[in-house]
Amino acid sequence: PGPGSGNPNWDRREPLSLVNLRKRHSGSGDEDLASRIDNYKAKATRHIFLIRHSQYHTDAPREKDRTLTPLGREQAELTGLRLASLGLKFNKIVHSSMTRAVETTDIISKHLPGVSTVSTDLLREGAPIEPDPPVSHWKPEAVQYYEDGARIEAAFRNYIHRADVKQQEDSYEIFICHANVIRYIVCRALQFPPEGWLRLSLNNGSITHLVVRPDGCVALRALGDTGFMPPDKISRS
């Protein structure tokens with residue numbers, strides 16, 4: 001179910017849920033309750049840009065050696081140019097600590113001077129949840145779902161939610177990470193069954209744009225957009 005028919009308190013920030021009703025003064029009436037609920041209402045919209053890292057050397061045995069390919073570096077330049085061309089005042093860049101995401105961030109951030117970057121292990125690639133339907137070509141160990149799934153769900157809860165009540169202006173945030181993480185986040189944010197994450201496909205360097213409005217409604221403005229890249233620069237792996 002989508003917003004409206006789904007859970008309005010999906011991010012645990014629905015104003016009524018934040019009001020401690022046990023502290024309601026007897027005889028104060030609905031006016032006092034309405035006033036306190038208003039104190040918990042978000043005022044700003046969050047624009048969340050989820051960027052998949054560029055193409056990288058997948059055959060390197062060690063993660064630190066899985067650097068971007070020459071094409072991958074070109075893709076990151078194109079993505080950086082596209083983000084800069086939007087003319088938005090980006091607030092921050094949060095990126096996965098994996099090599100391919102770090103290198104993608106380094107290139108993109110050159111096109112967005114003054115925007116701070118923060119590294120996190122939460123956004124590292126992994127196996128979020130067993131996909132439905134299952135696929136034969138990708139079968140991680142069950143323990144990988146158990147370990148990665150909790151971390152990726154933690155990333156969703158930590159980063160995807162309506163604006164803080166203190167936030168006065170709309171924000172524009174960039175998260176540079178991985179296909180599995182982005183696909184899972186999109187399903188969770190839209191309140192779609194998260195087991196469907198593997199049905200979505202994302203190109204390298206693609207831009208996914210989520211909007212979280214003050215009332216908690218979520219909209220997907222773009223999914224895996226690479227229309228700004230020449231056809232010969234587009235890759236999926």
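**Note on the predicted model**

1. Asn9 is buried, with a relative accessible area of 17%, where buried means under 20% relative accessible area, exposed over 50% and partly exposed in between, using a 1.4 Å probe and protein chains only. Asn9 lies in the segment before α1, and it touches Glu14, Ser17 and Arg162, not counting residues up to four places away in sequence; contact here means heavy atoms within 4.5 Å. The C-alpha atoms of Asn9 and Gln75 are separated by 38 Å, although these residues are 66 residues apart along the chain.

2. On the basis of the values, this is a predicted model in which local features need pLDDT of at least 70 and side-chain atom pairs count only at pLDDT 80 or more, whereas totals for chains, interfaces and linings use all residues. Residues are numbered from 1 along each chain as its sequence is written, and side-chain values use heavy atoms, with hydrogens and water left out.

3. Helix α3 covers residues 70–85, and its 16 residues reach 23 Å from the first C-alpha to the last, close to the 22 Å expected at 1.5 Å a residue. Helices (H or I, at least four residues) and strands (E, at least two) are DSSP runs numbered from the N terminus, and the expected span of a helix is 1.5 Å times one less than its number of residues. Gly72, Gln75, Ala76, Thr79, Gly80 and Leu83 are buried in α3. Seen down the axis of α3, these buried residues fall within an arc of 140°, so they line one face of the helix; the arc is that of the directions from the helix axis to the C-beta atoms. Pro70 and Ser85 are exposed on the other side of α3. The cover over the buried residues of α3 includes β1 (46–52), α4 (99–110), β4 (171–177) and β5 (207–212), and the helix is followed by Gly87, whose phi is positive, near 70°.

4. For α4, the 12 residues should span 16 Å at 1.5 Å a residue, and the end C-alpha atoms are 17 Å apart, which agrees. The buried residues of α4 are Thr99, Arg100, Ala101, Glu103, Thr104, Thr105, Ile107 and Ile108, and they pack against β1, α3, β2 (92–96), β3 and β4.

5. The largest nonpolar core has 24 residues, of which Leu50, Leu123 and Ile160 touch the most other members; such a core is a set of buried Ala, Val, Leu, Ile, Met, Phe, Trp, Tyr and Cys residues joined through side-chain atoms within 4.5 Å. At least two residues of this core come from each of β1, α5 (142–159), β4, α6 (179–189) and β5, and α6 gives the most, with 7 residues. Apart from this core lies another, of 14 residues, among them Ile108, Ile174, Ile176 and Met229. Leu50 touches Phe175, Ile182, Ile185, Val186, Ser206, Ile207, Thr208 and Leu210, not counting residues up to four places away in sequence.

6. The largest pocket has a volume of about 560 Å³ and is lined by 20 residues, of which Arg52, Glu125, Trp138, Asn180 and Arg183 lie nearest its centre. Helix α6 gives the most to this lining, with 3 residues. On a 1 Å grid over the protein atoms alone, a pocket is an open set of points where a 1.4 Å probe fits, with protein on both sides within 12 Å along at least five of seven lines, and lining residues have an atom within 4 Å of a point. Grid points are joined across faces, edges and corners, and the volume is the space filled by probe spheres set on the points.

7. Glu153, found in helix α5, is buried, with a relative accessible area of 12%, and touches Tyr184 and Arg188, not counting residues up to four places away in sequence. Asp32, in helix α2 (residues 29–38), is partly exposed, with a relative accessible area of 24%.

8. Most residues other than glycine have a negative phi, and most peptide bonds are trans. The peptide bond from Asp132 to Pro133 is cis, with omega near 5°, and Pro133 is found in the loop between β3 (116–120) and α5. Phi is positive, near 60°, in Gln191, which is buried, with a relative accessible area of 16%.
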